Each structure stands twice: as C-alpha cells, then as structure tokens.
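Biologist: I'd like to go through this model and ask what stands behind the labels. Can you put it up?

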Amino acid sequence: MKVRADDLSAVPGDPGLLRVAERRELLALRFRGLRREEWIRGRVAIRRAVARWLPRASRCRVHTEPSGAPLVVGVDCTVSLSHDGRWFAVALAPGRALRVGVDLCRRVHAGRLAPILRRFIKRGVQLDPVVQWAALECVLKMRGLGIAALMGSDAKVRRAGRRVWVEGIGPGASLCVIDRPEFVVVWGSEEPQ
Amino acid sequence: MTTAAVVGQLRTLIVTAAPDPALAEAVRRCPADVPLDTVMPFSSVIALGVIVAVEDRFDIVVTRPAMQTAFTGGATLEKLAAMIQRLQGNT
C-alpha cells in the first residue's frame, strides 16, 4: 500500500483534466466555488497516484460512489482520499482484495476535536485528539461507515510509535500514522470481513 | 422559534464551527435546501462540531437516528432545522 500527502495546490484544478464521466459526475454533484475545485484536484491526484504507483496500468477514471468514496475504474486497485484545507492524502493498494482508508487531519482542529470526542466517544479523549480523530475516521472510511457510527461508540484508540490501534468499531484495526507540523495522516488496509 | 430563525442561527453556528471561516462564508447566503457539502468543505469534523454547538445552543440531545435522517443524502440547513425542531418537540 502506498500513501502520499501533499499540498493540494501541487495538483491542477483544471476541469479540462477530468474524464468525460468525471465531468458528468461533477455537474450532477453541483459543487460550487472552492469545493468544486477541491473535488477536481482530488480526482486528478488519484489518477496521478495510479500512474505513479502502477506505471503499467492503463487509462483510468475515478467514479464517485454514493457515499462519496472514490472508486478507480479501468485499473485494478483500491484507493482512499482525504483532504483538509490545503492538504490532501491519497492511499492506494493494488488489486481489489483489500479495503483501504486514509485520513488527513490538520492540527488546527485540535481544540474543536476534544469536545467532539468527549461527546461522541464513551472513552472520550484517549491520546492526541488529532491522531485519535484521524484514526477513527480512517477506520470509518476503510469500512464504508458514516459518522453516525461513532455516536456512543466504545472505541478504544492507542498508539505506539508509528502504529495506532482502534478497537470497538467492529474488528480491531492496526493503522499507520505520521505526524507533520501542520497535520497528521493515518492510513490502513484490511481484508473485507 | 420559526424555521427561518433556526436556519439563520445555523448559518452562524456553521461559520463559527468551521476552521476556515472564509471558506464557510458561502453558508451565510446559500439556499436552505442545498447540501452544505456543495458550498463548503463540510467535513466530519465540522459536521460533528456543528452538532455539539447545536446541542449547546438549542438545549437538545441529538440522537443517532435524528442525525442519520439529517445527514442522509447530504445535510442541508433545512434538514438540520427540521431535526432541531423535532428534537425540541415543536413539530
């Protein structure tokens, strides 16, 4: 599994770079302004990741599932995308055997995350709230769950070095984490249950 | 409190809950029936931050079914206002 985190401005936001089907999706989604631009950059970032990490792969496009999750069409791989402010992270695993998840969370959220964790997670704040949040979000994405799944959950999150473990949202998950001055990225993969 | 008044308060709460208020400014003017995710980055952090703020401001407890109803198909100001009014027992 490969992961890249970068500045979103490193990826062009030109709608002309979208595939025809992606352009149709964009029209249907009716995104406006910066949200629209962010979506375009996300699609281009995923296709670039496919081209970089699977160089022999054929031309692909990115389909948006009803949940908002990206699905690569035309190349056998599984992806996950996260963006927050001017940062994004994309994770890719070759083949379709694994579910992948990635979450990038800016440190600027630390102050608002503590009350959110206290309100929605029975165990409240268990470690750096930004790392805890990114780990929880990563598991939700990996399993295609919405944020309502967190409400009242008994999720337990612990960290040792570059690993984070999440228990209490289905089977336990072992994830990777990196810290940067502006953000945290957590990612992982697992076989479908 | 009327639906319009609740929607007005929600606009302010959302802009306040957003980490980048400039990116959320569009919420002050958007139609009430438009998914918030189409006008601003309405991430999970912001969404749950809004729920915490709503509970505090309107003195309600947002339940999981109420939240699922409000967020299915994309949260809008209208759906959030309806959720608040239902939980207040006004509808």
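Biologist: How do you know how much area chain A and chain B bury between them?
Modeller: Buried area is the accessible area (1.4 Å probe) that two parts lose on being put together, summed over both. By that count chain A and chain B bury about 2,000 Å², 66% of it on carbon and sulfur atoms. In chain A, the residues that lose the most area to chain B are A:Arg32, A:Ile147 and A:Met151, together 27% of what that side buries.

Modeller: A word on ground rules: this is a predicted model, where local features need pLDDT of at least 70 and side-chain atom pairs pLDDT 80 or more, while totals for chains, interfaces and linings use all residues. Residues are numbered from 1 along each chain as its sequence is written, chains are lettered from A and ligands numbered from 1 in the order written, and side-chain values use heavy atoms, leaving out hydrogens and water.

Biologist: What makes a residue part of the contact, and how many does each chain bring?
Modeller: Contact means heavy atoms within 4.5 Å. The contact takes 24 residues from chain A and 27 from chain B.

Biologist: Why is α3(B) called largely enclosed?
Modeller: Buried means under 20% relative accessible area, exposed over 50%, partly exposed in between (1.4 Å probe, protein chains only). Eleven of the 15 residues of α3(B) are buried, so the rest of the structure largely encloses this helix. Among them are B:Val45, B:Ile46, B:Leu48 and B:Phe58. The buried residues pack against α3 (110–120) and α4 (129–142) of chain A, plus α1 (3–17), α4 (64–71) and α5 (77–88) of chain B.

Biologist: What makes that stretch a helix, and how does its reach compare with the expected span?
Modeller: Helices are DSSP runs (H or I, at least four residues), numbered from the N terminus. Helix α3 of chain B covers residues 44–58, 15 residues, and reaches 21 Å from first C-alpha to last. The expected span is 1.5 Å times one less than the number of residues, and α3(B) is close to the 21 Å expected.

Biologist: Why is B:Asp59 called exposed?
Modeller: B:Asp59 has a relative accessible area of 71%, so it counts as exposed. This residue follows α3(B), in the loop between α3 and α4 of chain B. B:Asp59 has a positive phi of about 55 degrees although it is not a glycine.

Biologist: And A:Arg30, buried or exposed?
Modeller: Exposed, because its relative accessibility is 64%. A:Arg30 sits in the loop between α1 (20–29) and α2 of chain A, and has a positive phi of about 55 degrees without being a glycine.

Notes
Helix = DSSP H or I, 4+ residues; strand = E, 2+ residues; numbered from the N terminus.
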